[in-house]
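Q: Here is a structure to read. Please take me through its helices and their packing.

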Amino acid sequence: MKKSFLTLILLLNSLVAQAHRFNLNMPYNEGIGYGYKNCSPAQEKEIFTAEKGAAIRLNKIIRNWSLASLAEVRHDYVIKEKRVWKNSNPSHMMYLSYWQEMGETFEEMRDKFHEVTFECKTYREKRCQNNEVFAYVLFYFNYAKPVIHICPAFYGKSQESQTGTLLHELSHYSSSTEDLALEWLNGSHVDLRKASKDAYHIENFANEDVSQVLKRMVWNSIWPKARKH
Ligand SMILES: [Zn+2]
C-alpha cells in the first residue's frame with residue numbers, strides 16, 4: 001500500500017516535472033514545437049529561434065491568404081495590370097481548389113506545429129547526405145512521423161533558410177505533402193493540382209510575400225499579359 005502510494009507520488013511528480021518543463025520553456029503557443037530530443041542547449045536555442053521565425057511567417061501567410069482569393073486576384077492583379085481574364089477559363093476552377101487546399105495546408109501546419117518534436121541526433125547520417133540536407137522527416141505508409149530530424153548542416157544557416165526548412169518539413173507531417181521539387185512548374189505552364197501537394201512550394205513562402213510568390217509562380221501563367229496591337 002505504502003509502496004504503491006509512493007509510486008503514485010513519484011509518477012505524479014514526474015508528470016508535473018514534464019509538464020513544467022514544457023510549460024516553462026515553451027509556453028503553449030501555436031507554431032512552436034512540442035520539445036527537443038538529444039539536443040545540446042545551444043542546439044535547442046538555435047532551433048527555438050528558428051521555430052519562432054517559422055511561426056511568425058506562418059501566421060503572416062495565413063493572414064494574407066484571403067487576399068489571394070480569385071475575386072481579390074481579379075480585382076488587384078488582373079484588372080490593375082491589364083491581364084487577360086476569360087470568364088470560362090478552366091484554370092479558374094483549378095486555382096480555386098489550389099487556393100483552398102494551400103490555405104488548409106497552412107492552417108494545418110499552424111495547428112499541428114506543437115505536436116512536433118525536434119531530434120538533434122541523426123541516427124542515419126546517410127539521410128543528411130553529406131550536409132546537403134538540412135532536416136528530414138521519416139514516413140510510414142505515406143504519413144510522416146511527428147519528428148523533425150535536424151541535420152548538422154542546419155545550424156548556422158540564415159534565418160530565411162531555416163524558416164524554409166522548417167515549413168517544408170512541417171508540411172510533410174501536418175498535411176502529407178510530397179517532395180515534387182517544383183516539377184509542376186514548367187516554363188509558363190503550371191499544374192496547380194500538384195502544386196498544393198509540394199513541400200518545396202510551401203518552402204517558397206518562407207521569405208517572400210504571398211502575392212509576390214503567387215505572381216511569379218502561378219498568376220503570371222493563368223492570366224498572361226494582354227498582347228499589344
Ligand atoms: Zn521533403
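Q: What should the 25 residues of helix α2 span at 1.5 Å a residue, and how far apart are its end C-alpha atoms?

A: This is a predicted model, in which local features need pLDDT of at least 70, side-chain atom pairs count only at pLDDT 80 or more, and totals for chains, interfaces and linings use all residues. Residues are numbered from 1 along each chain as its sequence is written. Helices are DSSP runs (H or I, at least four residues), as are strands (E, at least two), numbered from the N terminus. The expected span is 1.5 Å times one less than the number of residues. For α2 (residues 41-65) that should be 36 Å, and the end C-alpha atoms are 36 Å apart, which agrees.

Q: Which residues in α2 are buried?

A: A residue is buried if 20 or more other C-beta atoms, placed from the backbone, lie within 10 Å of its own. In α2 the buried residues include Ile-47, Ala-50, Leu-58 and Ile-61, along with the charged-named Glu-51 and Arg-57. Among the elements covering them are β1 (35-37), α4 (90-112) and α5.

Q: How many residues of α5 are buried?

A: Of its 17 residues, 14 are buried, so α5 is mostly covered. Just after α5, Ser-176 takes a positive phi of about 50°.

Q: At what angle do α4 and α5 pack?

A: Axes are lines fitted to C-alpha atoms, for helices over the stretch in contact, and angles run from 0 to 180 degrees between N-to-C directions. Here the angle is about 90°, with the axes of α4 and α5 9 Å apart. That makes α4 roughly perpendicular to α5 (65 to 115 degrees).

Notes:
A residue is buried if 20 or more other C-beta atoms lie within 10 Å of its own, exposed if 12 or fewer, and partly exposed in between; C-beta atoms are placed from the backbone. Two residues are in contact if their C-beta atoms, placed from the backbone, lie within 7 Å. Angles under 35 degrees count as roughly parallel, over 145 as roughly antiparallel, 65 to 115 as roughly perpendicular and the rest as oblique.
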